[in-house]
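Subject: Structure handover

Hi there,

Please have it open while you read the notes.

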Amino acid sequence: MRGSGDILASVDCHLMIEKKKLNDNETLVIYQPKQRLDNEIEPFKVKIIRDESYTKFIYDGAYSEEDEKSSKIESYKPELMEYINNNPGVNTTELVQAFDKKISSKYLREALKALERDILVKAEGKRPKQYYIIKASSDEILADEGIVYQDTLVESGEELQD
């Protein structure tokens, strides 16, 4: 963008656009590192939706570094689950070594915590923890926990049963 005529070639507004893959969607992240006459806008996301006959751009909210972190963690969950399923009892140190070239140990540990929160893996023992798959489908019965997972709709005001 060209700026005013009194300061030749000085930029009034600078926009930077970066294409990223967030949560399996093509996304443009738009930053404004320079705005001479007004306040700079906060970075924001624009989702790209492609079809055979059109390309659509949809505003997807403000962008933060957390978006990229959570997207990266989500993308490695299935691969991590598969590895734990094939190697039951694998510990944190072995997982860090197995995924050394793919994901940093910090993101790997965050992904493991997320899998534990989602009740998909169970961690046992002290450091280094050992991981086991505990839920493969939504209707699986966990024998050692005595929990049954079911996808049933509960109406408002309806009493839950054990």
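The notes below go through the sheets, the helices and the aromatic pairs.

First, the ground rules. This is a predicted model, in which local features need pLDDT of at least 70 and side-chain atom pairs count only at pLDDT 80 or more, while totals for chains, interfaces and linings use all residues. Residues are numbered from 1 along each chain as its sequence is written, and side-chain values use heavy atoms, with hydrogens and water left out.

Let me start with the sheets. Helices (H or I, at least four residues) and strands (E, at least two) are DSSP runs, numbered from the N terminus. Two strands pair if DSSP finds at least two bridges between them. Four strands make up an open, antiparallel sheet in the order E1-E2-E3-E4. Its edge strands are E1 (13–22) and E4, each of which pairs on one side only. From one strand to the next, the twist averages 30 degrees; axes here are lines fitted to C-alpha atoms, for helices over the stretch in contact, and angles run from 0 to 180 degrees between N-to-C directions.

Within that sheet, E2 and E3 run antiparallel and are joined by four bridges, with Ile 30 standing opposite Phe 44 in E3. Strand E3 (residues 44–50) also pairs with E4 in the antiparallel sense, over six bridges. The bridge partner of Val 46 in E4 is Tyr 59, and a hairpin of four residues joins E3 to E4.

There is also an open sheet of three strands, antiparallel, in the order E5-E7-E6. Strand E5 (90–91) and E6 are at its edges with a single partner strand each, so one side of each has no neighbour in the sheet. E5 and E7 pair over two bridges in the antiparallel sense, and Val 90 stands opposite Tyr 131 in E7.

Now the helices. H1 lies across E1, E3 and E4, at about 15 degrees to E1. H1 also lies across E5, E6 and E7, where it runs at about 95 degrees to E7. Contact, here and below, means heavy atoms within 4.5 Å.

Buried means under 20% relative accessible area, exposed over 50%, and partly exposed in between (1.4 Å probe, protein chains only). Not counting residues up to four places away in sequence, Lys 77 touches Ala 114, Leu 115 and Asp 118. Leaving aside neighbours within four places in sequence, Glu 68 is in contact with Lys 20, Leu 22 and Tyr 63. Glu 68 and Asn 23 are 45 residues apart in sequence, and their C-alpha atoms are 8.5 Å apart in space.

What do the buried residues of H3 pack against? They pack against H1, H2, strand E6 (121–124) and strand E7 (130–133). These buried residues are Leu 108, Ala 111, Leu 112, Ala 114 and Leu 115. Seen down the axis of H3, they fall within an arc of 160 degrees, so they line one face of the helix; the arc is that of the directions from the helix axis to the C-beta atoms. The face turned away from the buried side carries the exposed residues Lys 106 and Arg 117. H3 lies across E6 and E7, at about 110 degrees to E6.

Finally, the aromatic rings. The structure holds three aromatic pairs. Rings of Phe, Tyr and Trp (its six-membered ring) pair if their centres lie within 6.5 Å; planes under 30 degrees apart count as stacked, over 60 as edge-to-face and the rest as tilted. One of the pairs is Tyr 31 with Tyr 63, edge-to-face at 6.0 Å centre to centre and 85 degrees between the planes. Tyr 31 is in strand E2 (residues 25–35) and Tyr 63 in the loop between strand E4 (55–62) and helix H1 (65–86), so the pair ties together parts 32 residues apart in sequence. Both Tyr 31 and Tyr 63 are buried.

Tyr 83 and Phe 99 are also edge-to-face, because their ring centres are 5.6 Å apart and their planes are at 75 degrees. Tyr 83 is partly exposed at 29% relative accessibility, whereas Phe 99 is buried at 4%.

Happy browsing!
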